[in-house]
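Hello,

Here is the structure I promised to pass on to you. Have a look at it first, and my notes follow just below.

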Amino acid sequence: TLVRNETNCYSHAIGATTPVLQIFRIGAISGEKSISEKYKSASEIIDLLKKDLDVLGLEYQIIGDDENETQNLEPNQYIVRLYFKIYADGRIWDYHFMRYEAGKWTEKWKGRKPTEIDANYYEKRWEWKRGISLKVTR
């Protein structure tokens with residue numbers, strides 16, 4: 001239950017199962033963003049995500065939004081999608097990750113177990129905009 005209650009979508013996206021505060025916050029792993037500091041833009045968050053992945057030694061490739069993104073994955077690869085809710089003035093309201101591995105898309109909310117989700121769930125929601133899709137190699 002500790003992992004269920006104390007991890008979130010970001011920790012799920014990077015494959016972390018340890019409830020460490022830095023794993024909750026994009027940019028904290030790389031030391032580029034403090035836990036309490038607000039994000040300025042979606043592009044800043046994407047850049048911080050890449051820096052965190054570099055620090056973790058996870059290779060990544062930006063992939064397109066086509067239907068074939070889940071094809072030809074090696075056993076040590078998975079896909080993450082990052083979505084944003086953005087205010088009209090460009091400030092970030094929220095972000096959320098989905099992860100594709102072992103033939104299914106999953107998401108994780110704090111306090112819940114990872115659950116399977118339809119691949120297009122956030123695409124159909126007007127308030128969520130896709131920021132980036134990455135193929136990650138462990």
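Predicted model: local features only at pLDDT ≥ 70, side-chain atom pairs only at ≥ 80, totals over all residues.

Let me start with the partners of β3. On one side of the sequence comes strand β2 (residues 77-86), which runs antiparallel to β3 and is joined to it by 8 bridges. In this pairing, isoleucine 86 stands opposite isoleucine 92 of β3. The two strands form a hairpin with 5 residues between them, and glycine 90 in the turn has a positive phi of about 95°.

Strand β4 (residues 104-107) is also antiparallel to β3, with 3 bridges joining them. Here glutamate 101 stands opposite lysine 104 in β4. This hairpin has 2 residues between its strands, and alanine 102 takes a positive phi near 55°.

**The aromatic rings**

Next, the rings. A pair of aromatic rings is described by the distance of the centres and the angle of the planes. The count for this model comes to 8 aromatic pairs. One of them is tyrosine 39 with tyrosine 95: their ring centres are 5.9 Å apart and their planes are at 75°, so the pair is edge-to-face. What does this pair tie together? Tyrosine 39 lies in the loop between α2 (9-14) and α3 (42-56), while tyrosine 95 belongs to strand β3 (residues 92-101), so the contact links parts that are 56 residues apart in sequence.

Are these two tyrosines buried or exposed? Tyrosine 39 is buried, with a relative accessible area of 12%, and tyrosine 95 also counts as buried, at 12% relative accessibility.

Tyrosine 95 has another ring partner, phenylalanine 97: the centres are 6.1 Å apart and the planes are at 80°, so this pair is edge-to-face too. Phenylalanine 97 is buried, with a relative accessible area of 2%. Together, Tyr10, Tyr39, Tyr95 and Phe97 form one aromatic cluster.

**Charges over rings**

Finally, two arginines to look for when you turn the model around. Arginine 25 lies over the face of tyrosine 39, at 4.1 Å from the ring centre. Arginine 91 has its charged end over the ring of tyrosine 87, 4.3 Å from the centre of that ring.

Happy browsing, and do write back with any questions!

Best wishes

Technical notes:
Residues numbered from 1 in each chain as written. Heavy atoms only, no water. Phe/Tyr/Trp six-rings, centres within 6.5 Å; stacked < 30°, edge-to-face > 60°. Helix = DSSP H or I, 4+ residues; strand = E, 2+ residues; numbered from the N terminus. Buried < 20%, exposed > 50% of the residue type's maximum accessible area, 1.4 Å probe, protein only. Lys NZ or Arg CZ within 6 Å of the ring centre and 35° of its normal. Pairing = 2+ DSSP bridges.
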